[in-house]
Amino acid sequence: MLHGKRILLVVAGGIAAYKCLDLVRRLRERGAEVRAVLTAAGAQFVTPLSLAALTENKVYQDLFSLTDESEMGHIRLSRESDLIVVAPATADLLAKMAHGRADDLASTVLLATDKPIVFAPAMNHRMWSNAATVGNVRALEARGAIRIGPNEGPMACGEFGPGRMAEPAEILDAIERWFAVRAPLAGRRAVVTSGPTIEPIDPVRFLSNRSSGRQGHAIAAALARLGAATTLVTGPTHEPDPPGVSVVRIETAAEMLAACRAAMPADIAVCAAAVSDWRVAEAAANKTKKNGGKPPTLELVENPDILASLAALGSGRPRLVVGFAAETENVIDNARAKLAKKRCDWVVANDVSPGTGIFGGERNTVHIVEDGGVESWPTLTKAEVAARLAGRIGDVFAADPFASKA
Ligand code: C5P
């Protein structure tokens, strides 16, 4: 099932282009949303009207179209999809892709994308076995593009050999397998909080903590890699923006809560931020002066609990809400108490007592605490913890593919 998956179909100019209409029909039957980019040569073989009718979407053809660029720029076109399928992939388009050329909409989208690419070659068998094409295909596969076909058989030109585009059923099957294995979270939305919050005392001073944001950023990256449309709400950190993630920068806990709410609805919420428990009741409008040697008294008030408020959203609650528990003693018991108090689904508990080097460090030893029990993981890098956690989240959704989408 491809429910909710967004596929961008690039149709290049080959006689096999007619088969892409059947492919669109099959993808739509399985619930996928399809947008099509048609090259100038492709439009010699299938009409934009047929593609628009079958996709029930606008068909994109022109790199320099003012209307298209204002409605949906070519960067957005490539980013707002879970998978790009090039069918038919002609020798010419494969050469452009391999060499990074961008002289029309199709090649520009393919160069600008950070999404996985599946391609179904279709061409005369001599073109297919030409060393130039062989080298281009190898280069694309080495970069992670997935090839389907071509098949051997009689060709439109009357010759016989490898070069016939794979049948729509084969392409569909490969796409479904790809989604099941590689992108169990495609079509899902995730919100991740990361980093510290900072709470102003006055315009130049603040309360904060030592959170590096490493673990939260790695989790956002890992969820995006599994196909989730991921929003990372982060306090100030030195971490680079994770690829393929939309990043919202905030400073205070109140801003973090507002940004998380604005990112709803979501299927998954992972709260990895070290939110300041308190803020100064009323931050001073001007820099507080030394008052004849008498230090000021700060009145603190409690910050909103973002994890607990996302878990309490009622019908709009993310299907899976995951919290973190940084503890210095009784790690598991305290995590269990947190699970109950905050009403989240999992708590990722870790020991951050001095000497563990976890705050700001590279490695993490965690226990996944849920109602059913505790799963303890070995010491891993934060990137490994993130990948494993995202995989565990992926398993939940793969096991229940019909769970309603946010
Ligand atoms: O209560 P404690 O801070 O130990 O709980 C940790 C978990 O709760 C983390 O997942 C953290 O991101 C989240 N939290 C939050 N908002 C707060 C405090 C903690 O989301 N104000």
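## A tour from the ligand outward

Start by selecting proline 304: one of its backbone N or O atoms lies 2.8 Å from a nitrogen atom of the ligand. That is a polar contact, meaning a pair of N or O atoms within 3.5 Å. Before you go on, note that this is a predicted model, in which local features need pLDDT of at least 70, side-chain atom pairs count only at pLDDT 80 or more, and totals for chains, interfaces and linings use all residues. Residues are numbered from 1 along each chain as its sequence is written, and side-chain values use heavy atoms, with hydrogens and water left out.

Next, select leucine 307, where a backbone N or O atom is 2.8 Å from an oxygen atom of the ligand. Then show the side chain of lysine 338: an N or O atom there is 2.4 Å from a ligand oxygen atom. Taken alone, the ligand exposes 450 Å², and the protein buries 85% of that (accessible areas by the Shrake-Rupley method with a 1.4 Å probe).

Helices here are DSSP runs of H or I with at least four residues, and strands are runs of E with at least two, numbered from the N terminus.

Where does the ligand sit? The space it takes is the largest pocket. A pocket is an open set of points on a 1 Å grid over the protein atoms alone, where a 1.4 Å probe fits, with protein on both sides within 12 Å along at least five of seven lines; lining residues have an atom within 4 Å of a point. This pocket has a volume of about 1100 Å³. Of its 41 lining residues, the closest to the centre are Ala273, Ala274, Val275, Asp277 and Phe324. Highlight β17, which gives the most to the lining, with four residues.

For a last stop, go to the second largest pocket, with a volume of about 710 Å³. Select Asp114, Lys115, Ala224, Ala228 and Gly244, the closest to its centre among 28 lining residues. The elements giving two or more residues to this lining are α9 (168-182), β9, α10 and β12 (229-234).

Technical notes
A polar contact is a pair of N or O atoms within 3.5 Å; within protein, one must be able to donate a hydrogen and the other to accept it, and residues adjacent in sequence count only if both atoms are side-chain atoms. A molecule sits in a cavity or pocket if more than half of its atoms lie within 2 Å of its grid points. Grid points are joined across faces, edges and corners, and a volume is the space filled by probe spheres set on the points.
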